[in-house]
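Me: I would like to learn how to read a model feature by feature. Where do we begin?

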Amino acid sequence: SLSVIGLMAQKEGHYPDLQIRNGVELTIEYTTPYVEGLTENDFICAAKIDVLVQTQLKNSIVGDLPIVK
């Protein structure tokens with residue numbers, strides 16, 4: 001859920017941009033403005049979110065929906 005992603009981002013102190021489309025598609029985007037691109041921390045946080053989302057999907061009724069990457 002978004003609240004779980006928000007809590008993880010708060011813990012890491014590294015916040016992604018979130019966009020919801022059509023009520024079912026969530027895009028999560030990390031960038032680090034001061035380097036004008038991606039840092040290792042962006043990839044670490046993205047991987048943590050991926051694990052959270054996969055766990056959440058396995059434990060929810062929406063687990064049968066396709067994941068768009």
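Reply: We begin with a cut-off for accessibility. A residue is exposed when its relative accessible area is over 50% and buried when that area is under 20%, with partly exposed in between. Keep in mind that this is a predicted model.

Me: Is Glu36 buried or exposed by that cut-off?

Reply: Glu36 has 78% relative accessibility, so it counts as exposed. Its place is the loop between β2 and α2.

Me: What about the phi of Glu36?

Reply: First the general idea. Most residues other than glycine have a negative phi. Now the case here. Glu36 is not a glycine, yet its phi is positive, about 55°. Asn22 is another non-glycine residue with a positive phi of about 55°. Asn22 sits in the loop between β1 (17-21) and β2 (25-29). With a relative accessibility of 74%, Asn22 is exposed as well.

Me: Is Thr32 buried or exposed?

Reply: Thr32 has a relative accessible area of 2%, so it is buried. Thr32 belongs to the loop between β2 and α2. Glu36 is in that loop too.

Me: Which residues does Thr32 contact, leaving aside neighbours within four places in sequence?

Reply: They are His14, Gly37, Thr39 and Asp42.

Me: And an intermediate case, such as Ala46?

Reply: Ala46 has a relative accessible area of 36%, which means partly exposed. Ala46 is part of helix α2.

Me: Let us step back to the whole chain. In what pattern do its elements follow one another?

Reply: Along the sequence, the pattern is α-β-β-α. That gives 2 helices and 2 strands. The chain has 69 residues, of which 17% count as buried. For contacts, look at sequence separation. Among contacts with a separation of 6 or more, 28% join residues 24 or more positions apart.

Me: How do I read a nonpolar core?

Reply: Start with the general idea. In soluble globular proteins, nonpolar side chains tend to be buried together. Here, the largest nonpolar core has 6 residues: Ile5, Met8, Ala9, Tyr30, Cys45 and Ile49. Two elements give two or more residues to this core, α1 (2-12) and α2 (40-58). The largest share, 3 residues, comes from α1.

Me: Which residues does Ile5 touch, not counting those up to four places away in sequence?

Reply: Ile5 touches Leu18, Leu26, Ile28, Ile49 and Val53. Of these, Ile49 is also a member of the largest nonpolar core.

Me: How do I read the packing of two helices?

Reply: Take the axes, then the angle. The axes of α1 and α2 come within 10 Å and cross at roughly 155°. Angles over 145 degrees count as roughly antiparallel. The two helices are therefore roughly antiparallel to each other. As for handedness, α1 passes α2 in a right-handed crossing.

Me: Which residues meet where α1 contacts α2?

Reply: From α1 come Val4, Ile5, Met8 and Glu12. They meet Cys45, Lys48, Ile49, Leu52, Val53 and Gln56 in α2. By class, the contact residues are 7 nonpolar, 1 polar and 2 charged.

Definitions and conventions
Residues are numbered from 1 along each chain as its sequence is written. This is a predicted model: local features need pLDDT of at least 70, side-chain atom pairs count only at pLDDT 80 or more; totals for chains, interfaces and linings use all residues. Side-chain values use heavy atoms; hydrogens and water are left out. A nonpolar core is a set of buried Ala, Val, Leu, Ile, Met, Phe, Trp, Tyr and Cys residues joined through side-chain atoms within 4.5 Å. Buried means under 20% relative accessible area, exposed over 50%, partly exposed in between (1.4 Å probe, protein chains only). Helices (H or I, at least four residues) and strands (E, at least two) are DSSP runs, numbered from the N terminus. Contact means heavy atoms within 4.5 Å. Axes are lines fitted to C-alpha atoms, for helices over the stretch in contact, and angles run from 0 to 180 degrees between N-to-C directions. Angles under 35 degrees count as roughly parallel, over 145 as roughly antiparallel, 65 to 115 as roughly perpendicular and the rest as oblique. A crossing is left-handed if the near helix is turned anticlockwise from the far one by less than a right angle, and right-handed if clockwise. Ala, Val, Leu, Ile, Met, Phe, Trp, Tyr, Cys and Pro count as nonpolar, Asp, Glu, Lys and Arg as charged, and the others, Gly among them, as polar.
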